[in-house]
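This report describes a strand arrangement and the pockets of a single model. The sequence and the structure are shown first.

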Amino acid sequence: RLPPPEIKTGQVANLTVFQCEQNWHYDTANGFSKSSNSPYKNNQLTGKILLTVLRDKIGFQDQGFLAN
């Protein structure tokens, strides 16, 4: 069994920031898939990942999230 994750000073960061109430439209032109046939194409979706961090490195950051 894996231990529960901790967010603590000195620990390696592994986390996802998720906005559960954000509405957005999936557009295949801006997606990461090489395929353009998606069941989500041009649909409004609720809930969006804004940031993922794995082993202290940003793996994904949504445009505009934490922008300076």
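The sections below cover the basis of the model, the sheet and the pockets.

## Basis of the model

The model is predicted; local features need pLDDT of at least 70, side-chain atom pairs count only at pLDDT 80 or more, and totals for chains, interfaces and linings use all residues. Residues are numbered from 1 along each chain as its sequence is written, and side-chain values use heavy atoms, with hydrogens and water left out.

## Sheet architecture

Three strands form an open sheet in the order β1-β2-β3, with antiparallel pairing. β1 (15-25) and β3 (57-61) lie at the edges with a single partner strand each, so one side of each has no neighbour in the sheet. From one strand to the next, the twist averages 20°. Strands are DSSP runs (E, at least two residues) numbered from the N terminus, and two of them pair if DSSP finds at least two bridges between them.

## Strand pairing

Eight bridges join β1 to β2 (residues 44-54) in the antiparallel sense, and four bridges join β2 to β3, also antiparallel. Thr52 of β2 is the bridge partner of Thr16, and Thr52 also stands opposite Phe60 in β3.

The hairpin of β2 and β3 has two residues between the strands, and Arg55 there takes a positive phi near 55°.

## Pockets

A pocket is an open set of points on a 1 Å grid over the protein atoms alone, where a 1.4 Å probe fits, with protein on both sides within 12 Å along at least five of seven lines; lining residues have an atom within 4 Å of a point. The largest pocket holds about 390 Å³ of space, a volume being the space filled by probe spheres set on the points. Of its 13 lining residues, Asn30, Phe32, Lys48, Phe60 and Asp62 are the closest to the centre. β1, β2 and β3 are the elements that give two or more residues to this lining, which divides into five nonpolar, five polar and three charged residues.

The second largest pocket has a volume of about 190 Å³. Its lining comprises Pro4, Pro5, Glu6, Ile7, Lys8, Gln11, Val12, Ala13, Asn14 and Leu15, of which six are nonpolar, two polar and two charged. In these classes, Ala, Val, Leu, Ile, Met, Phe, Trp, Tyr, Cys and Pro count as nonpolar, Asp, Glu, Lys and Arg as charged, and the others, Gly among them, as polar.

Key. Axes are lines fitted to C-alpha atoms, for helices over the stretch in contact, and angles run from 0 to 180 degrees between N-to-C directions.
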